[in-house]
Amino acid sequence: MERPDPSFRRRVLMEALTVLAADAQTQVTWLVRHAVMTDEIALDFDHSFRMAETLVAEGQLARGVMADLQEIDVILSGMSGGENTDRWTRGALSTDEGWALARRLARQVLVAELGDWQQPLPEISVIR
């Protein structure tokens, strides 16, 4: 199987960060429009984060943003587990400290990489 080209992988990461960086109400609107659960925000980040080191090695991503990406990963992972189900509601997007911190870090990465954190949210296709 061929690996997607670096620009595609970079775009996937930037799109995941764009959703994560959006304000809570915008995130909720995006979730409703695409009929997906809140955890889709974290899952998309997780999938794209797995490519980050490769993107750095290929010169497609600044090494300096890796610390913020790793911190986002730690935050979202720490929110997992059955005892944290209340953190994965749509309402928690606007009240939970973990979401707020992940949002701030995602914005920092987008500013460093794209010059601005406010980007159009991606359209997704959900296969059911």
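The model is predicted: local features require pLDDT of at least 70 and side-chain atom pairs pLDDT 80 or more, while totals for chains, interfaces and linings use all residues. Residues are numbered from 1 along each chain as its sequence is written, and side-chain values use heavy atoms, leaving out hydrogens and water.

**Helix packing**

Two packed helices are described by the angle between their axes and the distance between the axes. Helices here are DSSP runs (H or I, at least four residues) numbered from the N terminus. Axes are lines fitted to C-alpha atoms over the stretch in contact, and angles run from 0 to 180 degrees between N-to-C directions.

| Helix pair | Angle | Axis distance |
|---|---|---|
| α5 and α7 | about 160° | 9 Å apart |
| α3 and α5 | about 135° | 11 Å apart |
| α1 and α3 | roughly 150° | within 9 Å |

Angles under 35 degrees count as roughly parallel, over 145 as roughly antiparallel, 65 to 115 as roughly perpendicular and the rest as oblique.

Helix α5 spans residues 66-78 and helix α7 residues 97-114, and the two pack at about 160°. Their angle therefore makes α5 roughly antiparallel to α7. The crossing of α5 and α7 is left-handed, a term used if the near helix is turned anticlockwise from the far one by less than a right angle.

Helix α3 in turn packs against α1, crossing at roughly 150°, which makes α1 roughly antiparallel to α3. This crossing is left-handed. From α1, Val 12, Leu 13 and Ala 16 are among the residues that meet α3, where the partners include Asp 44, Phe 45 and Phe 49. By class, the contact has 9 nonpolar, 1 polar and 1 charged residues.

**The largest pocket**

The largest pocket has a volume of about 240 Å³, the volume being the space filled by probe spheres set on grid points joined across faces, edges and corners. A pocket is an open set of points, on a 1 Å grid over the protein atoms alone, where a 1.4 Å probe fits, with protein on both sides within 12 Å along at least five of seven lines; lining residues have an atom within 4 Å of a point. Of its 13 lining residues, Val 12, Glu 15, Ala 16, Asp 44 and Ile 124 lie nearest the centre. Helices α1 (6-21) and α3 (39-49) each supply at least two residues of the lining, which divides into 8 nonpolar, 2 polar and 3 charged residues.

Methods:
Nonpolar A, V, L, I, M, F, W, Y, C, P; charged D, E, K, R; others polar. Contact = heavy atoms within 4.5 Å.
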